[in-house]
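The sequence and the structure come first, and the lining residues are then taken up in turn.

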Amino acid sequence: MTSSFSSSPSEPGEPGGLDWLLEAFVEQVPGTSSAVLASGDGLRRASHALDNTQADHLSAITTGMRSLAKGLGEVTGSPGQVRQVVIEHDSALMFISAAGHGSVLGVLATREADASVVGHEMTLLVTRLGEHLGTPARTV
């Protein structure tokens, strides 16, 4: 499978945050409609195609769902990493993935989106740019 997503962290026109990266992802991956990058504790770091309230809410959902999925290792007796969480809702699909140290990526897609393509493209994005997506530890 060839990637349709081709942005890099040094792309010209970077507006200073990571919103541009999510915008490029949503524009280039068919069926996706919006995205958030959140810190592991649920704070929005970047978003695309959402107002601030929606982005904050989706950031909290994204990190909460990933946290819940991590509990699966306890049930199965096999601790490991959560690679991806997919939520199928009547109105949309949501994909959640770790995105660098201390960060989580959440992508909303239409019900008609090809889930394997969206998941694959998210994996490629995180593999290529995970070190730039991570959230530094907070200092007090």
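How many nonpolar, polar and charged residues does the lining of the largest cavity have? In this predicted model, that lining has 7 nonpolar residues, with no polar and no charged ones.

## The cavity

The structure holds 1 cavity of 30 Å³ or more, and the space that lies in the largest cavity comes to about 30 Å³. Its lining is made up of L18, L21, L22, L37, L105, L125 and L133, a list that by class is 7 nonpolar residues.

Among the elements, α1 (19-28) and α4 each supply at least two residues of this lining.

## The largest pocket

For the largest pocket, the volume is about 170 Å³, and the residues that line this pocket are R66, Q81, V82, R83, Q84, S97, A98, G119, M122, T123, V126 and T127. Two or more of these lining residues come from each of β4 (93-98) and α4 (115-133), and α4 gives the most, with 5 residues.

By class, the lining of the largest pocket divides into 4 nonpolar, 6 polar and 2 charged residues, whereas the lining of the largest cavity has no polar and no charged residues.

## The element at both sites

Helix α4 contributes to both linings: this helix supplies at least two residues to the lining of the largest cavity, and gives 5 residues to the lining of the largest pocket.

Notes:
Residues are numbered from 1 along each chain as its sequence is written. This is a predicted model: local features need pLDDT of at least 70, side-chain atom pairs count only at pLDDT 80 or more; totals for chains, interfaces and linings use all residues. Side-chain values use heavy atoms; hydrogens and water are left out. On a 1 Å grid over the protein atoms alone, a cavity is a set of points where a 1.4 Å probe fits but cannot get out, and a pocket is an open set with protein on both sides within 12 Å along at least five of seven lines; lining residues have an atom within 4 Å of a point. Grid points are joined across faces, edges and corners, and a volume is the space filled by probe spheres set on the points. Helices (H or I, at least four residues) and strands (E, at least two) are DSSP runs, numbered from the N terminus. Ala, Val, Leu, Ile, Met, Phe, Trp, Tyr, Cys and Pro count as nonpolar, Asp, Glu, Lys and Arg as charged, and the others, Gly among them, as polar.
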